[in-house]
Amino acid sequence: MIKTYLRYGFRYLLKSKGYTLINVAGLSIGLACCLGIGLFIYDELNFDHFHRNLSHIYRVVEKQKQAGVVYDVASTPGPLAPAMEKDLPEVVETCRLGTGSGFIELGDKVIQPPSMRYADNSFFSMFDFKLIVGNPATVLNRPDEIILNETTAIQLFGSGWRSKPGLLGTLVKLTSWGKEYLLSIAGVAEDAPRNSHIQYSVLMSMAALEKDTDFQWGNNSYQTYIQLEPLTDVASLNARLRTYIDRYSDYNSKDDARTLLLQPMKDIYLRSNFAFETNNAVQSSLIYTRIFLAVGMMVLLIAVFNFVNLTTARATHRAKDVGIRKVIGALYRQLVVQFLIESFMLTAIAVIFALAFLQLSMPLLNDISGKSLVIPFASPIFWLTVISSTLVISLLAGLYPAFYLSNFSPAKVLKGFSKNGSGLTFRQVLVVGQFSFSVILVIGSIVIYQQLQYVQDKDLGFDRSQLIHVFLRNKMHHQSLTFKEELKDQPGIAAVAPLSGMLVDFNNSTFNFKWEGQNANDELLMTQANTDSELMTTLGMELLAGRNFYPDENDSSSYLVNETAVKRMGWTNDQAIGKSITLWGKEGQVIGVVKDFHFRPMTVMIEPFVFRCWKKADYNGVLVKAQPGRVREAIAVIEQHYKKHDAKGTLDFVFMDDAIDAQYRTQQNTGNIILVFAVLAILVSCLGLFGLATYAAEQRTREIGIRKVLGASMASIIRLLSVDFVKLVLISIVLATPVAWYSLDRWLEDFAYRIDIQWWMLAAAGFILVAIALLTVSYHSIRTAVTSPVKSLRTD
């Protein structure tokens with residue numbers, strides 16, 4: 001019986017080539033989109049899931065209340081982990097992670113690992129990172145031990161590092177912050193999996209830091225992970241942790257100033273939003289994962305709606321067949337099964353094309369998503385998902401047509417099939433649904449593009465063109481002013497200024513700030529940076545009042561503040577000049593007010609900022625303004641002088657334009673993905689509209705012939721055939737526009753500086769959809785309109 005169903009279905013699909021082609025094309029595009037989004041979401045949701053004890057591992061984080069504002073902070077004090085392991089019986093094991101920097105030397109080889117971490121000995125027992133060489137029970141116990149990942153081992157020893165005799169115990173030299181350390185290689189670990197929020201190039205012993213002056217309860221510099229007993233009541237433990245730090249620190253939970261809580265490790269990648277860049281982990285956003293899921297489902301539903309629409313629209317072609325089969329004894333159940341098998345066959349063919357299309361599109365998907373996804377053809381779970389999805393989609397797409405067609409009365413259809421009003425209405429609802437999804441995606445693409453364009457074009461308060469930030473590593477910190485003076489007046493360089501932070505992402509904030517006229521209970525979180533008199537020229541910043549730092553004199557008791565700081569302290573720009581302020585106990589005067597500039601992403605408001613000019617302090621960066629058209633020459637000069645001071649180090653720099661763009665990479669990827677899927681959604685919708693227009697024109701061929709004989713113009717006939725479809729698109733626009741506006745307005749709330757959704761954005765999306773719909777149906781409308789009425793009236 002199944003063989004008969006399959007043979008009959010195959011014959012029908014071959015006979016109706018146009019119908020089959022449109023349905024396969026629509027379904028394959030929809031399935032490819034859904035599979036691609038599925039791979040993306042699977043990758044997002046499976047971060048860190050390779051750890052066997054994932055459900056029992058938590059990161060200890062803090063809530064800090066400062067100046068009346070509560071901040072989520074992911075870093076904790078160094079002594080916290082051993083204290084919790086001693087005091088809390090629920091804690092099975094703890095592990096601390098810290099960050100390091102520097103370069104490693106072995107003979108004549110010098111490398112600068114991108115991700116240097118400090119870790120406890122428990123790193124390999126708590127987490128499921130694999131140690132290829134070394135004893136996991138003893139590594140990192142000594143302060144002079146270091147573990148390389150496999151990539152770093154290859155850089156130092158070559159691809160044959162495994163066969164190198166005496167690898168363990170080999171001494172390498174670490175140069176960090178101008179100091180040199182001899183470290184013994186205690187092991188080689190596999191590279192951290194790509195889907196891990198913890199990444200490392202080398203691991204150094206946390207024991208090396210325990211005698212540092214900042215290794216105390218009042219300093220948050222480390223990530224603390226704990227593993228709990230399986231049956232631990234986490235809610236109860238969180239309640240106790242709220243005041244736990246009171247045992248050891250005066251900076252504690254009084255007035256909710258500092259409280260501890262647990263963050264499940266499985267939530268770190270998608271549910272982390274921590275202040276002051278304390279997260280120090282690979283992270284993404286659950287919001288964007290949900291957006292991509294919604295977009296993928298929209299495109300798939302559009303394809304399914306196409307199938308249902310086209311199948312029911314072809315009822316006139318199947319009616320006589322259904323009637324004859326019922327007369328000769330076919331049961332209702334058999335007809336339903338037949339149509340469902342046809343649906344399955346068509347879906348299965350579409351799945352094959354979808355996989356091929358997806359494989360060809362993987363480079364594009366990875367490019368716009370920023371990932372390295374591959375189709376897991378060797379995974380049984382993947383094939384189980386594909387097969388089950390094929391069955392579900394074939395049921396969703398084929399169930400209504402199967403029952404709709406199988407319900408035809410043989411007496412009526414053999415006498416002559418007439419239109420079914422309810423079927424027509426249902427198809428109209430599906431068309432409205434298709435184009436509603438398309439409208440949402442098109443409006444989304446327009447609004448996201450406009451917001452990102454606004455961010456890129458907005459005046460940042462400084463000139464970012466030809467601006468290069470040079471990072472000063474290790475001993476270069478101590479030679480920053482010498483390096484800066486050497487670069488001045490060099491070929492290709494227009495201006496140079498030292499800076500103690502990254503211009504567009506400062507995280508050097510402090511509450512240790514006082515000002516003249518400050519109320520007793522008032523506090524201010526002030527972001528600060530160390531620089532000199534060249535900064536204004538290098539950045540083209542505007543001084544609204546007062547003066548700049550003196551170039552040659554000692555100006556360490558002078559401060560420049562931004563407009564926001566002046567307003568926050570209750571002054572006008574002119575009133576601020578000469579006012580007394582104190583930063584970290586060093587009192588001085590405000591000498592100038594700088595026009596507000598964006599030193600953080602535009603997702604946050606501009607905050608109070610103060611520049612100091614402490615030339616005896618170190619700088620960790622230099623800003624270089626290259627002359628127009630001479631950027632390469634400037635970089636060559638920078639590298640030449642950098643090597644004079646640090647011959648073994650690697651010049652590390654970033655163009656300010658690139659640094660700014662990187663802040664909005666997630667939003668850019670989202671916009672690109674929505675744009676691509678909007679185009680595909682419109683394509684699939686138009687495929688269905690094209691098919692419906694074909695059958696609508698066929699059904700009205702005789703009517704058109706009669707109208708032409710009676711004198712109807714070609715324009716009126718085109719309007720007659722097009723107006724019904726345009727009405728449906730217009731209804732879609734009316735229904736979808738409020739949904740799109742609400743959703744995108746919520747998305748724009750993430751930006752402190754944002755556009756308003758304008759009427760023309762909504763109108764443009766509507767115009768695009770109406771124009772495309774008209775172009776789609778016009779082919780058949782014109783073709784029918786120009787057909788000779790003699791031929792039309794001969795049509796059966």
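Phe50, Phe123, Phe124, Phe127, Phe129, Tyr200 and Tyr225 form one aromatic cluster in this predicted model. Rings of Phe, Tyr and Trp (its six-membered ring) pair if their centres lie within 6.5 Å; planes under 30 degrees apart count as stacked, over 60 as edge-to-face and the rest as tilted. A search of the whole structure finds 29 such aromatic pairs. The ring centres of Phe123 and Phe124 lie 5.1 Å apart, and their planes stand at 85 degrees, so this pair is edge-to-face. Phe123 and Phe124 are both buried (buried means under 20% relative accessible area, exposed over 50%, partly exposed in between; 1.4 Å probe, protein chains only).

The model is predicted: local features need pLDDT of at least 70, side-chain atom pairs count only at pLDDT 80 or more, and totals for chains, interfaces and linings use all residues. Residues are numbered from 1 along each chain as its sequence is written, and side-chain values use heavy atoms, with hydrogens and water left out.

Charges also sit over rings (NZ of Lys or CZ of Arg within 6 Å of the ring centre and within 35 degrees of the ring normal). Lys371 lies over the face of Phe40, 5.4 Å from the ring centre. The charged end of Arg612 sits over the ring of Trp614, at 4.6 Å from its centre.

The largest nonpolar core has 118 residues. Such a core is a set of buried Ala, Val, Leu, Ile, Met, Phe, Trp, Tyr and Cys residues joined through side-chain atoms within 4.5 Å. Phe462, Leu503, Leu535, Met541, Phe611 and Met656 have the most contacts inside it. Beyond its neighbours within four places in sequence, Met541 is in contact (heavy atoms within 4.5 Å) with Gly461, Phe462, Leu535, Met536, Val594, Phe597 and Phe611.

Glu62 lies in strand β1, residues 57-66 (strands are DSSP runs of E, at least two residues, numbered from the N terminus). Glu62 is buried, at 0% relative accessibility. Its side chain joins that of Arg258 in a polar contact of 3.2 Å. A polar contact is a pair of N or O atoms within 3.5 Å; within protein, one must be able to donate a hydrogen and the other to accept it, and residues adjacent in sequence count only if both atoms are side-chain atoms. With neighbours within four places in sequence set aside, the contacts of Glu62 include Tyr71, Asp72, Asn220, Ile245 and Leu261.

The structure holds zero disulfides (cysteine sulfur atoms within 2.5 Å). For Cys33, the nearest cysteine sulfur is that of Cys34, 8.4 Å away. Cys33 is buried, with a relative accessible area of 4%.

Conventions:
Helix = DSSP H or I, 4+ residues; strand = E, 2+ residues; numbered from the N terminus.
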